[in-house]
Amino acid sequence: MFIQTEATPNPATLKFLPGKEVMRSGTADFRDADSARETSPLAGRLFDVPGVTGVFLGYDFVTVTKEDEPDWQHLKPAVLGAIMEHFMSGMPVMADGTENDTAADEGSEFFEDEDKEIVLTIKELLDTRVRPAVAQDGGDITFRGYRDGTVFLNMKGACAGCPSSTATLKHGIQNLLRHFVPEVQQVEQIV
(Lines give C-alpha, C1' and ligand atoms only; values in the text may rest on other atoms or scores of the structure.)
Protein backbone atom coordinates (compact mmCIF):
# COMPACT_ATOMS: atom_id res chain seq x y z
CA MET A 1 0.00 0.00 0.00
CA PHE A 2 1.39 3.39 -1.03
CA ILE A 3 0.15 6.47 0.85
CA GLN A 4 0.86 9.89 -0.62
CA THR A 5 1.11 13.03 1.48
CA GLU A 6 0.37 16.62 0.60
CA ALA A 7 1.10 19.81 2.48
CA THR A 8 -1.86 22.03 3.38
CA PRO A 9 -2.01 25.80 3.96
CA ASN A 10 -2.06 24.97 7.69
CA PRO A 11 1.52 24.05 8.74
CA ALA A 12 0.17 21.98 11.66
CA THR A 13 -1.88 19.81 9.28
CA LEU A 14 -0.85 17.24 6.68
CA LYS A 15 -3.10 15.50 4.14
CA PHE A 16 -2.67 11.73 3.65
CA LEU A 17 -4.00 10.02 0.49
CA PRO A 18 -4.22 6.23 0.97
CA GLY A 19 -5.20 5.61 -2.66
CA LYS A 20 -8.63 4.28 -1.70
CA GLU A 21 -12.00 5.52 -0.53
CA VAL A 22 -12.01 6.63 3.10
CA MET A 23 -15.58 7.97 3.44
CA ARG A 24 -18.18 7.04 0.83
CA SER A 25 -20.01 10.32 1.39
CA GLY A 26 -19.70 13.26 3.74
CA THR A 27 -16.93 13.86 6.22
CA ALA A 28 -16.03 13.19 9.85
CA ASP A 29 -14.10 15.60 12.06
CA PHE A 30 -12.50 14.56 15.36
CA ARG A 31 -10.95 17.07 17.76
CA ASP A 32 -10.34 14.76 20.73
CA ALA A 33 -9.23 11.18 21.30
CA ASP A 34 -12.28 10.06 23.29
CA SER A 35 -14.86 10.87 20.61
CA ALA A 36 -12.57 9.42 17.96
CA ARG A 37 -12.15 6.09 19.72
CA GLU A 38 -15.92 5.77 20.25
CA THR A 39 -16.80 6.56 16.64
CA SER A 40 -13.96 5.61 14.31
CA PRO A 41 -11.35 2.86 14.62
CA LEU A 42 -9.16 4.72 12.10
CA ALA A 43 -9.35 8.06 13.93
CA GLY A 44 -8.83 6.32 17.28
CA ARG A 45 -5.68 4.62 15.96
CA LEU A 46 -4.36 7.98 14.73
CA PHE A 47 -4.96 9.62 18.12
CA ASP A 48 -2.79 6.88 19.63
CA VAL A 49 0.15 8.52 17.84
CA PRO A 50 1.71 10.97 20.34
CA GLY A 51 1.31 14.57 19.15
CA VAL A 52 -1.88 14.10 17.07
CA THR A 53 -4.56 16.64 18.05
CA GLY A 54 -7.10 16.33 15.22
CA VAL A 55 -8.27 13.92 12.51
CA PHE A 56 -10.51 14.77 9.57
CA LEU A 57 -11.81 12.08 7.20
CA GLY A 58 -12.83 12.98 3.65
CA TYR A 59 -13.80 11.00 0.56
CA ASP A 60 -10.31 9.82 -0.36
CA PHE A 61 -8.08 11.47 2.22
CA VAL A 62 -7.22 11.68 5.91
CA THR A 63 -6.09 15.02 7.32
CA VAL A 64 -4.08 14.93 10.53
CA THR A 65 -3.37 17.93 12.76
CA LYS A 66 -0.49 17.89 15.24
CA GLU A 67 0.79 19.81 18.23
CA ASP A 68 3.65 22.28 17.74
CA GLU A 69 6.13 19.52 18.64
CA PRO A 70 7.18 17.06 17.29
CA ASP A 71 7.76 18.24 13.73
CA TRP A 72 6.33 16.34 10.74
CA GLN A 73 9.70 14.77 9.97
CA HIS A 74 9.39 12.70 13.16
CA LEU A 75 5.60 12.30 13.29
CA LYS A 76 4.85 11.43 9.65
CA PRO A 77 6.22 7.84 9.71
CA ALA A 78 4.06 6.94 12.73
CA VAL A 79 0.94 8.42 11.09
CA LEU A 80 1.66 6.60 7.82
CA GLY A 81 2.08 3.36 9.78
CA ALA A 82 -1.20 3.83 11.65
CA ILE A 83 -3.13 4.50 8.43
CA MET A 84 -1.54 1.51 6.68
CA GLU A 85 -2.21 -0.80 9.64
CA HIS A 86 -5.85 0.26 9.73
CA PHE A 87 -6.53 -0.40 6.06
CA MET A 88 -4.59 -3.68 6.11
CA SER A 89 -6.65 -4.86 9.12
CA GLY A 90 -9.93 -4.68 7.18
CA MET A 91 -11.66 -2.80 10.01
CA PRO A 92 -14.33 -0.24 9.05
CA VAL A 93 -13.48 3.45 9.07
CA MET A 94 -16.55 4.25 11.20
CA ALA A 95 -17.48 1.93 14.09
CA ASP A 96 -21.26 2.11 13.88
CA GLY A 97 -21.52 1.84 10.10
CA THR A 98 -22.35 5.51 9.59
CA GLU A 99 -20.51 7.08 6.72
CA ASN A 100 -20.58 10.76 7.54
CA ASP A 101 -21.52 13.52 9.92
CA THR A 102 -23.40 15.58 7.33
CA ALA A 103 -26.76 14.75 8.93
CA ALA A 104 -25.58 16.22 12.22
CA ASP A 105 -24.57 19.41 10.43
CA GLU A 106 -27.90 19.67 8.60
CA GLY A 107 -29.88 19.08 11.80
CA SER A 108 -28.28 22.12 13.42
CA GLU A 109 -28.95 24.59 10.60
CA PHE A 110 -30.83 27.81 11.27
CA PHE A 111 -32.56 30.28 8.94
CA GLU A 112 -35.99 31.88 8.49
CA ASP A 113 -38.53 30.23 6.17
CA GLU A 114 -38.69 33.33 3.97
CA ASP A 115 -34.93 32.95 3.32
CA LYS A 116 -35.21 29.39 1.98
CA GLU A 117 -34.44 30.36 -1.66
CA ILE A 118 -31.40 32.38 -0.58
CA VAL A 119 -30.16 29.47 1.53
CA LEU A 120 -30.60 27.01 -1.37
CA THR A 121 -28.51 29.27 -3.61
CA ILE A 122 -25.82 29.64 -0.93
CA LYS A 123 -25.65 25.86 -0.42
CA GLU A 124 -25.40 25.23 -4.16
CA LEU A 125 -22.51 27.71 -4.46
CA LEU A 126 -20.75 26.13 -1.49
CA ASP A 127 -21.19 22.61 -2.89
CA THR A 128 -20.13 23.41 -6.46
CA ARG A 129 -17.48 26.12 -6.05
CA VAL A 130 -16.12 26.21 -2.50
CA ARG A 131 -16.09 22.70 -1.03
CA PRO A 132 -14.20 21.03 -3.92
CA ALA A 133 -11.41 23.62 -3.65
CA VAL A 134 -11.26 23.35 0.15
CA ALA A 135 -11.15 19.53 -0.07
CA GLN A 136 -7.99 19.88 -2.19
CA ASP A 137 -6.39 21.48 0.87
CA GLY A 138 -7.58 18.71 3.21
CA GLY A 139 -10.62 20.39 4.75
CA ASP A 140 -14.30 21.07 4.39
CA ILE A 141 -16.71 23.96 4.92
CA THR A 142 -20.36 23.37 5.71
CA PHE A 143 -23.36 25.68 5.90
CA ARG A 144 -24.69 26.21 9.42
CA GLY A 145 -27.07 29.15 9.14
CA TYR A 146 -28.22 32.43 7.63
CA ARG A 147 -29.62 35.42 9.50
CA ASP A 148 -29.95 39.12 8.60
CA GLY A 149 -27.50 38.97 5.69
CA THR A 150 -24.87 36.94 7.55
CA VAL A 151 -23.91 33.42 6.43
CA PHE A 152 -22.56 31.17 9.19
CA LEU A 153 -20.14 28.42 8.12
CA ASN A 154 -18.28 25.64 9.93
CA MET A 155 -14.66 25.02 8.91
CA LYS A 156 -13.26 21.50 9.39
CA GLY A 157 -10.06 19.57 8.87
CA ALA A 158 -7.09 21.58 7.64
CA CYS A 159 -9.31 24.69 7.54
CA ALA A 160 -9.92 24.66 11.29
CA GLY A 161 -7.18 26.69 12.89
CA CYS A 162 -5.41 27.44 9.61
CA PRO A 163 -3.59 30.79 9.61
CA SER A 164 -5.11 31.63 6.21
CA SER A 165 -8.67 30.53 7.11
CA THR A 166 -9.81 34.07 7.92
CA ALA A 167 -8.56 35.30 4.55
CA THR A 168 -10.25 32.38 2.80
CA LEU A 169 -13.50 33.05 4.62
CA LYS A 170 -13.57 36.84 4.34
CA HIS A 171 -11.97 37.45 0.98
CA GLY A 172 -12.67 34.29 -1.00
CA ILE A 173 -15.98 32.86 0.17
CA GLN A 174 -17.57 36.13 1.28
CA ASN A 175 -16.76 37.82 -2.05
CA LEU A 176 -18.08 34.85 -4.03
CA LEU A 177 -21.36 34.71 -2.11
CA ARG A 178 -21.86 38.49 -2.21
CA HIS A 179 -21.32 38.45 -5.99
CA PHE A 180 -23.96 35.77 -6.65
CA VAL A 181 -26.33 36.47 -3.74
CA PRO A 182 -26.81 40.24 -3.22
CA GLU A 183 -28.60 39.62 0.11
CA VAL A 184 -25.37 38.29 1.66
CA GLN A 185 -23.51 41.00 3.55
CA GLN A 186 -20.90 38.96 5.44
CA VAL A 187 -19.67 35.47 6.28
CA GLU A 188 -18.78 34.32 9.80
CA GLN A 189 -17.22 31.14 11.16
CA ILE A 190 -19.21 29.18 13.73
CA VAL A 191 -18.11 26.07 15.60
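1. Lys 123 and Glu 109 form a salt bridge, with 2.8 Å between the closest N and O atoms (a salt bridge is a side-chain nitrogen of Lys or Arg within 4 Å of a carboxyl oxygen of Asp or Glu). Helices (H or I, at least four residues) are DSSP runs, as are strands (E, at least two), numbered from the N terminus.

2. The model is predicted: local features need pLDDT of at least 70, side-chain atom pairs count only at pLDDT 80 or more, and totals for chains, interfaces and linings use all residues. Residues are numbered from 1 along each chain as its sequence is written, and side-chain values use heavy atoms, leaving out hydrogens and water.

3. Arg 131 meets Asp 140 in a salt bridge at 2.7 Å, N to O, and Asp 127 in another at 3.1 Å. Shared partners join Asp 127, Arg 131 and Asp 140 into one network. Asp 140 is buried, at 4% relative accessible area, whereas Arg 131 is partly exposed at 23% (buried means under 20%, exposed over 50%, partly exposed in between; 1.4 Å probe, protein chains only).

4. Asp 127 and Arg 131 both lie in helix α5, four residues apart, about one turn of the helix. Asp 127 is partly exposed, with a relative accessible area of 44%.

5. For the whole structure, the search finds eight salt bridges. The secondary structure comprises six helices and eight strands, and 44% of the 191 residues count as buried.
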